[in-house]
Amino acid sequence: MSHYFENDMNLKSNVRELIYKYNSSFFTFLSDNGVFSKRNIDYGSKLLLESYLKENITNVKVLDVGCGYGFIGIVISVITNSYVDMIDINKRAIHLTKRNIKKYKSFNGNAYVSDAYSEIKNKYNVIITNPPIRVGKIKLLEILEGAFDHLEKDGVLYFVIRKDQGALSIKKILEEKHKVEIINKDKGYFIIKVNN
Ligand SMILES: C[S@@+](CC[C@H](N)C(=O)[O-])C[C@H]1O[C@@H](n2cnc3c(N)ncnc32)[C@H](O)[C@@H]1O
């Protein structure tokens, strides 16, 4: 069986369009077989995005890790006038993200293939992620703890994780070195903010 985080070049394409509305703004995203949440925008991703937007952070440099087809990063760039880089290990996801970016003239940023932070040279004010869980705890912690090597001194990490995916134990690990806050909770999803 093929997983959404694998690069399966033989997987047949079946591109579809998903719609997202934020206040009076409509966004559309091309999705395809072989990417995460291909039929519907993920509830946890929406909760993370909308919790972040409530923080009213504008004009900053953001990195969306594990961007899929670009939902979180594209909306952040357009709504908050921020520069957003988006990375994913999945080539098809990045191909879709690049096609989705083209629909938004006000989008500012880039999308490229990267295994966690392997291709990241810059520092960011914000790192945001709906991280891959099925890749295992070691890779998950590489993404979450690794964020602090790519954040500015006062930078902030935002992520979503479900309680049954170990939200509280991950929070505890991060608390050993950082100030950690749960800024929203719904349907078993926790939105976690971590200060550098
Ligand atoms: C839970 S999905 C979130 C996707 C997207 N942000 C969304 O909200 O629809 C996690 C994403 O992480 C990507 N991923 C898995 N392992 C990765 C790695 N080692 N480095 C970067 N991205 C990875 C997957 O391909 C997937 O797109």
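Predicted model: local features only at pLDDT ≥ 70, side-chain atom pairs only at ≥ 80, totals over all residues.
Biologist: Which residue in the hairpin of strand 1 and strand 2 takes a positive phi?

Modeller: The hairpin has two residues between its strands, and Asn23 takes a positive phi near 50°.

Biologist: How many salt bridges does the structure hold?

Modeller: The structure holds eight salt bridges. One of these joins the side chains of Glu55 and Lys193, at 3.0 Å from N to O. The pair links distant parts of the chain, 138 residues apart: Glu55 is in the loop between helix 1 and strand 3, and Lys193 is in strand 9.

Biologist: Is Lys193 buried or exposed?

Modeller: The cut-off for buried is under 20% relative accessible area. Lys193 has 16% relative accessibility and therefore counts as buried, whereas Glu55, at 27%, counts as partly exposed.

Biologist: Which residues are linked in a network of salt bridges?

Modeller: The network links Asp115, Lys139 and Glu142. The side chains of Asp115 and Lys139 meet at 2.8 Å, N to O. This pair also links distant parts of the chain, with Asp115 in the loop between strand 5 and strand 6 and Lys139 in helix 4, 24 residues apart. Glu142 forms a salt bridge with Lys139, their closest N and O atoms being 3.2 Å apart. Both Glu142 and Lys139 lie in helix 4, three residues apart, about one turn of the helix.

Note on methods:
Residues numbered from 1 in each chain as written. Heavy atoms only, no water. Pairing = 2+ DSSP bridges. Helix = DSSP H or I, 4+ residues; strand = E, 2+ residues; numbered from the N terminus. Salt bridge = Lys/Arg side-chain N within 4 Å of Asp/Glu carboxyl O. Buried < 20%, exposed > 50% of the residue type's maximum accessible area, 1.4 Å probe, protein only.
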